[in-house]
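Let's take a walk through this one together. Have the model open and follow along as we go.

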Amino acid sequence: TTVLPDRWTREHAEELARLCGCLPLALRVAGEHVALHGTAEPAELLTALADEHERLRLLSVDEDEDTAVRPVFSWSYRSLKPEAAALFRLLGLHAGAEIDLATAAVLVDADQRHVRDWLDELSGRSLVERTHSPDAPRYRVHDLLRLYAGELAEEEMTEADQRSTLHRVTTWYLYAAAAAVRLIAPARREVPLPASDVPMPSFADRQQATRWCERNRANLVAVTEQALRTGELELAWKLPAALWGFYQVRAHRADHAETHRLALVAAERLDDPFAQGWIHTNLGMLDQDLLRYPSAIDHLKRALDLRSAIGDEIGRAQTLSALGNANWQSGLLDEARQCYERSLRIVREIGDRQGEATGLSNLGAIDHLQGRYERAIENYRAALAISRELGNRWGEGYPLTNIGESLHELGRYSEAIEHFRAALAIWREVGGRFGEAFALRTM
């Protein structure tokens with residue numbers, strides 16, 4: 001046991017424990033470092049340990065085999081069967097701290113039945129920890145062990161093999177995100193997926209898809225950052241774009257902002273106006289949700305210029321719709337109506353039925369704000385009918401709530417409450433937290 005000097009606060013100690021992965025041996029060695037360098041400031045050691053390339057080297061005392069983290073890890077590693085050892089090395093390339101069985105199988109490019117056995121062997125050697133999850137098993141790798149596994153991967157794999165592995169698993173995350181969001185929030189337009197021999201994942205229902213996205217939230221941010229850092233620029237912008245519907249429905253604003261910031265850097269490095277237009281539109285809609293209307297309008301005008309320049313009509317319609325929302329929320333109702341009408345003309349010309357529903361709903365909102373409640377209800381009902389025709393439950397929620405608002409203004413309170421309750425049931429069914437809050441507020 002090491003008694004930390006007085007200058008070490010509780011916060012310093014907690015950060016030290018986090019950087020050591022709360023592993024007893026690592027904490028012991030770190031404590032000895034503090035004892036040996038008692039006059040050093042806490043921030044100096046914590047900053048050094050934060051450097052992933054230095055952490056394992058620092059967690060040793062004079063390279064004593066009994067008091068060095070790396071040699072102790074190697075005892076467990078050397079006892080593994082070759083297949084389990086290979087999987088452990090590959091876990092060092094995986095961006096997230098947790099991994100499920102399906103993703104581990106893609107990572108090692110092997111059958112799940114074998115991979116489960118290898119993960120059990122790693123768990124038995126305390127190289128991974130099986131977490132308690134109600135359905136599919138998940139496995140956690142402590143930070144220090146993941147750093148060690150990454151070192152092994154660099155030593156024993158060629159750079160080409162490492163890149164191939166990262167490309168395969170990042171493509172898997174993109175495929176899985178697209179498949180999940182297709183159930184969570186069916187989109188008017190889906191991100192074009194790259195060709196790959198990676199198996200396309202599937203989900204039984206919306207609930208399973210939502211659980212997968214929620215449990216992989218941290219991984220999805222980490223994988224996006226890794227894709228940008230390693231030059232997988234196409235995947236770095238498409239993964240956040242594919243997740244947009246999930247982030248919107250579940251109101252994960254921080255993840256939305258971080259992944260799309262990375263996506264915009266990737267799109268700009270690619271010099272791809274199609275990608276830039278897509279991401280600027282998504283960022284504009286995020287800024288609207290965060291009440292940053294000037295920034296939202298700036299993103300959306302840039303997106304509109306980009307999409308107009310390349311003749312992306314579907315994209316133009318979507319951006320015009322979002323720009324109408326930003327103008328509306330800024331109090332510019334006439335400008336908003338013009339954007340909605342332009343968007344509606346485009347979607348009708350190209351046969352985008354869900355886009356037509358969105359346009360009608362938006363025009364209904366302007367009618368409501370300008371006191372034309374009967375006309376608003378007419379537009380909302382037309383939008384609702386299209387969403388029902390398309391089987392888009394997410395698309396039914398807002399028109400139902402909006403109809404209720406207009407009925408309320410007309411004094412038809414019992415009808416309004418019926419619509420609010422119907423909307424609330426849909427939002428709870430699809431897991432739409434923002435929509436649920438909206439329906440509760442209006443009710």
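Start with Leu291, which counts as exposed at 59% relative accessibility (buried means under 20% relative accessible area, exposed over 50%, and partly exposed in between, with a 1.4 Å probe and protein chains only). Leu291 sits in the loop between helix 16 and helix 17, and its phi is near 65 degrees, a positive value in a residue other than glycine. As background, most residues other than glycine have a negative phi.

Before going further, a word on what you're looking at: this is a predicted model, where local features need pLDDT of at least 70, side-chain atom pairs count only at pLDDT 80 or more, and totals for chains, interfaces and linings use all residues. Residues are numbered from 1 along each chain as its sequence is written, and side-chain values use heavy atoms, with hydrogens and water left out.

The axes of helix 16 (residues 273-289) and helix 17 (residues 293-309) come within 8 Å and cross at roughly 160 degrees. Here the axes are lines fitted to C-alpha atoms, for helices over the stretch in contact, and angles run from 0 to 180 degrees between N-to-C directions. Helix 16 and helix 17 are therefore roughly antiparallel to each other (the label for angles over 145 degrees). On the helix 16 side, the residues making the contact include Trp278, His280 and Leu283, and among those on helix 17 are His299, Leu300 and Leu306; contact means heavy atoms within 4.5 Å. By class, the contact of helix 16 with helix 17 has 8 nonpolar, 8 polar and 3 charged residues. For that tally, Ala, Val, Leu, Ile, Met, Phe, Trp, Tyr, Cys and Pro are nonpolar, Asp, Glu, Lys and Arg are charged, and the others, Gly among them, are polar.

His260 is buried, with a relative accessible area of 0%. Leaving aside neighbours within four places in sequence, His260 is in contact with Pro240, Ala241, Trp244, Tyr247, Ile279, Asn282 and Leu283. In the loop between helix 14 (244-250) and helix 15 you'll find Ala251, which has a positive phi of about 60 degrees although it is not a glycine. Ala251 is partly exposed, with a relative accessible area of 27%.

Buried residues make up 54% of its 443 residues.

Which residues touch the most other members of the largest nonpolar core? Of its 116 residues, they are Phe88, Val115 and Leu122. Such a core is a set of buried Ala, Val, Leu, Ile, Met, Phe, Trp, Tyr and Cys residues joined through side-chain atoms within 4.5 Å. Helix 10 (residues 159-184) gives the most to this core, with 11 residues. Beyond its neighbours within four places in sequence, Leu122 is in contact with Leu80, Ala84, Leu87, Phe88, Leu91, Leu127 and Val128.

Finally, follow the chain into the loop between helix 10 and helix 11, where Leu193 is placed.

Conventions:
Helices (H or I, at least four residues) and strands (E, at least two) are DSSP runs, numbered from the N terminus. Angles under 35 degrees count as roughly parallel, over 145 as roughly antiparallel, 65 to 115 as roughly perpendicular and the rest as oblique.
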